[in-house]
Amino acid sequence: MPVDSYDSRDSSDDVLTARELYRFYRVGEEETLALRGVSLTVRRGETVAVVGPSGAGKSTLLACLAGLDEPSGGEVRVSGVRISHRPETERARLRARHIGVLLQTRNLLPHLNVLDNVRLPQRAQGRRAPVPARTLLAQVGLAGRTRALPRQLSGGELARAGLAVALANAPAVLLADEPTGELDGENEQLVLSLLRERAAEGCAVLLVTHSAEAVRVADRVITLTDGRATGAPPPHDREEARDVVG
Ligand SMILES: Nc1ncnc2c1ncn2[C@@H]1O[C@H](COP(=O)(O)OP(=O)(O)OP(=O)(O)O)[C@@H](O)[C@H]1O
């Protein structure tokens with residue numbers, strides 16, 4: 001079996017790994033190094049919050065982790081499979097299989113109703129959806145809004161519908177950019193508890209967030225500053241580090 005092919009027997013709990021990620025942008029004469037050697041791991045069942053000031057590279061990092069963007073250097077692996085440095089169509093295929101992405105734009109197609117928006121990634125995946133679209137929508141409190149178009153939804157409903165779309169393929173990894181941004185307290189709690197439920201079921205969850213509440217529910221926090229990451233390593237690395245020291 002080729003090294004990069006998916007192996008469902010992979011026993012590693014490191015579902016998402018990034019090694020030495022760099023992302024360089026050039027616009028005219030202007031050059032920006034948005035990521036400067038970011039390495040991180042998110043384990044099965046873990047919720048990690050990524051925080052940092054505006055312009056620190058958080059959205060760039062999330063896009064590289066999701067395979068929506070290509071890092072200029074370094075590598076991203078999801079469930080043991082390299083997703084970086086591949087043609088866009090292959091990245092999209094791997095994303096459809098392993099990753100749920102919730103973007104600030106709420107990843108809904110404007111001309112499809114909510115139900116069809118959730119069904120779309122399930123069909124793209126090419127296998128029977130583990131959780132039916134209607135059930136997912138009921139879980140996010142939208143059982144009564146399945147026929148609504150995205151423009152007919154409130155901000156809180158849009159965020160919850162976006163989450164249902166991100167979870168539609170029962171992903172091993174959920175990446176969310178400001179999942180609770182602009183939500184009132186009640187909707188924030190609902191979204192965070194849904195994310196925690198997914199993590200409890202084994203999903204590796206990474207959130208980019210400014211919300212103190214989201215940081216509070218995370219198992220670990222990674223701080224990005226000027227394209228560099230600092231934060232606690234996952235528990236197994238800490239144990240290894242202790243072993244080496246002690
Ligand atoms: N497509 C692009 N072309 C050129 N520069 C970009 C591009 N996208 C991001 N940048 C630059 O890269 C840096 C990191 O941007 P990024 O959006 O990742 O930061 P962020 O931490 O998500 O910020 P915010 O919290 O404000 O959303 C910034 O200096 C930004 O101007």
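Mentor: First a convention: Ala, Val, Leu, Ile, Met, Phe, Trp, Tyr, Cys and Pro count as nonpolar, Asp, Glu, Lys and Arg as charged, and the others, Gly among them, as polar. This is a predicted model, where local features need pLDDT of at least 70 and side-chain atom pairs count only at pLDDT 80 or more, while totals for chains, interfaces and linings use all residues. Residues are numbered from 1 along each chain as its sequence is written.

Trainee: Which residues are around the ligand?

Mentor: Tyr25, Val27, Thr32, Ala34, Gly52, Ser54, Gly55, Ala56, Gly57, Lys58, Ser59 and Thr60. Near means a C-beta atom, placed from the backbone, within 6 Å of the molecule. Two or more residues each come from β1 (14-27), β2 (30-43) and α1 (58-66). Helices (H or I, at least four residues) and strands (E, at least two) are DSSP runs, numbered from the N terminus.

Trainee: Which element gives the most to that shell?

Mentor: α1, with three residues.

Trainee: And how does the shell divide into nonpolar, polar and charged?

Mentor: Four nonpolar, seven polar and one charged.

Trainee: Switching to backbone angles. What is the phi of Glu20?

Mentor: Positive, about 50°, although Glu20 is not a glycine. Glu20 lies in strand β1.

Trainee: What about Ala170?

Mentor: Ala170 also is not a glycine, and its phi is positive, near 45°. Ala170 sits in the loop between α5 (155-167) and β7 (173-177). Ala170 counts as partly exposed because it has 17 C-beta neighbours inside 10 Å.

Notes. Buried ≥ 20, exposed ≤ 12 C-beta atoms within 10 Å, placed from the backbone.
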